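Please walk me through this protein model, one region at a time.

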Amino acid sequence: MDSISLLPNDFILQILSLLPTKDVMKTSVLSNRWRYLWKLVPKLEYIDVDENADHGTFVRFVDRSLLLNTAPVLESLQFKLSRKCSQVDIVFWIEIAVERGLRELNFHYHHIYEHIRLPQSLYTCGTLVVLKLKKVSLVDVRFPVCFQLLKTLHLLYVDYLDDETPKKLLSRCPILEVLVLSRGDEDNVISFSVKVPSLQRFIYDSASDYELVLNTPSLKYLKSTDSCENCMIEYMPEIVEAYVQVTCCNVEDILMSLKSLKRLSLCLIIEPKFPTGSIFHQLVHLELCTCETLWELLMYMLQHSPKLRSLKLNEIHNGLCGGPIFLWEEPSSVPKTLMFILETFEWRNYRGWKKERDLASFILKHSKRLKIAIFSPEATDVREKYHLITELARLSRGSPESKSLESYMDCISLLPNDFLLEILSLLPTKDVLNTSVLSKRWRYLWKLVPKLDYIDLDDNSDYGRFLRFVDRSLLSNTAPVLESLHFKLDREFSEVDIGFWIRTAVERGLRELNFYYSYTIDEPIKLPQSLYTCGTLVVLKLKNVSLFDVRFPVCFQLLKTLHLDWVIFLDDESPQKLLSSCPVLEDMVLNRADGDNVISFSVKVPSLQRFIYDSASESELVLNTPSLKYLKTIDRCENCMIEYMPEIVEAHVQVTCCNIEDILMSIKSLKRLSLCLISEPEFPTGSIFHQLVHLELCTCETLWEVLMSMLQHSPKLRSLKLNEIHNDLSGGHIFHWEEPSSVPESLIFVLETFEWINYRGWDKERDLATFILKQSKRLKIAIFSPETTNLREKYHLITELARLSRGSTEYILNTSVLSKRWLNLWKLVPKLHYIDIEENAHDGSFVRFVDRSLLLNMAPVIESLHLELGGHCDEVDIGFWVRIAVERGLCELNLDYDEFYPYPCRLPQSLFTCGTLVVLKLKNVSLVDVQFPVCFKLLKTLHLESVIFLDDESPKKLLSSCPILEILNLTRADIDNVTSFSVMVPSLQRFIYYGTTPGSELVMKTPSLKFFRTIDHGSECMIEYLPEIVEAHVQVLCTNTDDILRSLASVKRLSLCLPSQPAFPTGCIFNHLEHLKFCTSGAEWDLLMSMLKHSPKLRSLKLNEHTQLHEYNSVAKDPMLHWEEPSSVPETLMFVLETFEWRNYRGWKVEKELATFILKHSRRLKKATFCTQGIMEILKTDGMKYHMLTELARSPRGSTECELVLN
């Protein structure tokens, strides 16, 4: 389909500007979208090269297309005319273009016999930047002219009135930088004067014998092909590069003017006099044409160019060379440049004549620093070439590093050593040594390779020969540092030999050792003690090695990567001592042998970030790695002790141990989890996987209770995958699953992707699939991969699945293939939701999908655009999508950018002036480069999660541009560049704030606020009085809690979790408070009593412990907190309170006293609920629990109607 039509006008016009205007106009017949688009193209190109075409048709075409063009400015007009055109027509066209603010005119007239005259208005066009004229007459031009903006001027075969015409023309170009001049035989100018102070680039070509005068002090590039008798060039101090091919007699003056350049190419017809006292101080590269064999000039240039490093001889005009007459005599003294500076010499079209050979011999013999000499023979005959090469190879050379090469041989040898060593480092050392026979250039290069790779896989090869090879190559290596040493040995070696090799490498500052000793060898190898005190090692990988005799302590102060595969230890202490000596270890792979002498393997490494563990033994694993982000374990041990890992992101767990619930408890902070358990575990009580987004569960043991528990306790779970990894473990058709009594909320409201691999279609499997599809109201993709390979069985399963009911209305079924009715219907959908769920897809397929579907969408307005993206979508792609949506009247944007990608995404400026946006949700986005002021005049909802700002002023300016904002969700990044976050929005009604940045401040002035939730563990909160507040949830650690409570005096529903010893605001009464939820983590009972005394309408009280506060509040777990019964009972307690609930009730003495007090004095209490869920680690037995609940039931109650609920 016509995807290009959906591009914005600017893109299409840019494409059309690259085509001839005739082809551009043809696009008008494509569709209504293209009908008038050609009129806006700012670049017009007219080509009339067909002698047989109707000339009148071409003229009418130019007239109409030029007159109908409505582009704001005519950027470019190009004519390429090969036959005679009317002067009137050409004048008319150019005048029209000049009136339209023409910036570039390219006029090429190719008629043989005449020059065309252009209108006078062209020469006073103040907008022209580029002017290119060919076969044009300037005879009738009236001066003065004006080209105040002209920077580029090309004059090809132009006729002038006299010598003054070009002078006057160039004098009216005050900022001209580029001039190209190609003169004809009769252009009426005898002395062509170019005096342009701003000129930087000049190309001159002339076949006439007239004079050229050049005064261009800013010139940097000169190319002159001139047959004139005289060329007057003033000194050019800025000149960098020049190509001079002249026949004039004053060559020495030309050379004198060029003495500041760096690169020079000379082709002179006659032997010039070298300019006296002229030294080319900056000249680095010289190319000399040998067509006239001006060898005295060559010697002079070598003597007077003290920095010359590159010399090239080339016969440009081989037709001028007079056969074998080659006049050259060896000079009496050798130029110093030749001896001490010259590094590169090249001779093209080398014939091998005697005098040429003498010159070549002279240069090679005396160039003591020459590195490369290249000869390109003129001969095409292979034998002649071989003869020349042989002669050259025999010539003596003054430089030991000099290489005499033909242009077509061994180009790789010309690369610098660093490049070659990098290439050689990728090869096995045996192959590296083979390169030494290539040439002298490669003879000793192998010794500098910093990476050595020794592979011995052939049992039939000579054992002694391999030993000698390693000995000699390792000892001969002279690299400054040995970066890597790799051994892969498949047969038994002597510990003496291996110890010698490794000691030698350690002494050379070894950074990486990969030692793979085949596990088929019965006896593990022992490595030398010096390896374990190598302070330079960064990577250490060992296989089938014994650490039995290692003497501790060892030292690996720089080690970051450690792989231990089938390693034998002395006892349990050995691995502990080894790992304790690696203070910066980040990556560890451990593949244990059956008899490694370790019963309890302890890994206590604070810096470890990645850990892979594989063990078939029944020994214990103890893991204490607080910084771990990635865990993969395949473990058949009886016990696995893992401490809580707060930084964990991804885990793949395949274990058979009995304490699986402890493992799950330790990894509850992760985002991606893959589970394969052999037995049905107990789900850890009170464990909630708050961050879990992706869950993969192995169905080999069909642990469906675990699945339901995970769904219930993973509130952010978006992707679920079922897969039978070990189909040999599956118990046939034994599939135990019963539909739960309640549906997990994550299934109903969060789950978006469901995949089942090796689906069989058994009855219970179908029941589970039906349950998930039916209850998942937000499910977008469901993928089933049948286990069977039989086509009929596959078809039957697919048919069954298609008939299952689905709860999601957004379910993707590729509706376009259903029927013709559905073919294009998807293009009208106004809400677009893109999820980049495949983290390993880097092939661009997702980007192409979004591009095409977004550009093909034809809904009148894009109501909603939701992007959930991984780190491999770059800012260019995202910016393009957002701009497209903004142009389409976007109402809602939800951008969720991968928070683990280290660089937040920047968005286009057009988003921040989008006048149609009502909802904007951003995650992991940078607003550092946003240009203020911005404008969100219709924005009502704003979510900012992990957003980076420029400074304190940025959020102020952003929020001040939202005059009707009602909802604000703010989750701050750890480092967002904001010290004091100010929220001053008069219209705001709902505000949720989460911040952990220590030392930062939150300032609020929101008089219309009705709902407020804050979890703030690092800020000071300055909140002005909120007269409209209805509900608030406050969990803070700041010191001014009394000010916060005072600002909330009008609230009706309040949840409080405050630090120890908060002050109650003096004189504050909560006249409207009806429901109070009080956190017992700090157990500040005085504050609770104050709240009861000053809340005359309080009907509901709930006590609960927020375990999240434990990590910030050290008082939270102290069972000895004191509480004194108040002298007077709050009236609220006696006459108003109706509902009381206490969650995580433990039955400690102080808790029992408080519960008794409340039950005793609450005369109107209707229901009291006590829940012990989440504290089973304290209540070890059911008997203890029963005893505690019995005590509560016996407590006196002030209300005769009170219902006591014990959960």
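Start at Phe1170. Leaving aside neighbours within four places in sequence, Phe1170 is in contact (heavy atoms within 4.5 Å) with residues including Phe1140, Trp1142, Tyr1145, Leu1192 and Leu1206. Numbering starts from 1 along each chain as its sequence is written, and side-chain values use heavy atoms, with hydrogens and water left out. The model is predicted: local features need pLDDT of at least 70, side-chain atom pairs count only at pLDDT 80 or more, and totals for chains, interfaces and linings use all residues.

Phe1170 also belongs to the largest nonpolar core, which has 118 residues. A nonpolar core is a set of buried Ala, Val, Leu, Ile, Met, Phe, Trp, Tyr and Cys residues joined through side-chain atoms within 4.5 Å. Buried means under 20% relative accessible area, exposed over 50%, and partly exposed in between, using a 1.4 Å probe on protein chains only. Ile878, Trp881 and Phe991 are also among the residues with the most contacts inside this core. Helix α22 (residues 875-887) gives the most to it, with 7 residues. A second, separate core has 101 residues, including Ile94 and Leu342. In soluble globular proteins, nonpolar side chains tend to be buried together.

Now turn to helix α13, residues 463-476. Helices (H or I, at least four residues) and strands (E, at least two) are DSSP runs, numbered from the N terminus. What is buried in α13? Phe466, Leu467, Val470, Ser473 and Leu474 are. An α-helix has 3.6 residues a turn, so residues three or four places apart point the same way. The face turned away from the buried side carries the exposed residues Arg465, Arg472 and Leu475. The buried residues of α13 pack against α12, β21, β22 and α14.

Next come the strands. Two strands pair if DSSP finds at least two bridges between them. Strand β35 (residues 672-677) has 5 of its 6 residues buried, so it is largely enclosed by the rest of the structure. β35 pairs with β34 in the parallel sense over 6 bridges. Here Glu650 stands opposite Arg672. β35 also pairs with β36 in the parallel sense, over 4 bridges. There, Ser674 has Glu696 as its bridge partner.

Finally, find the open sheet of 3 strands, in the order β29-β31-β33, with parallel pairing. β29 and β33 stand at the edges, each with a single partner strand, so one side of each is left without a neighbour in the sheet. Between β31 and β33 there are 3 bridges, and Val622 stands opposite Met641.

Conventions:
Expected span 1.5 Å × (residues − 1).
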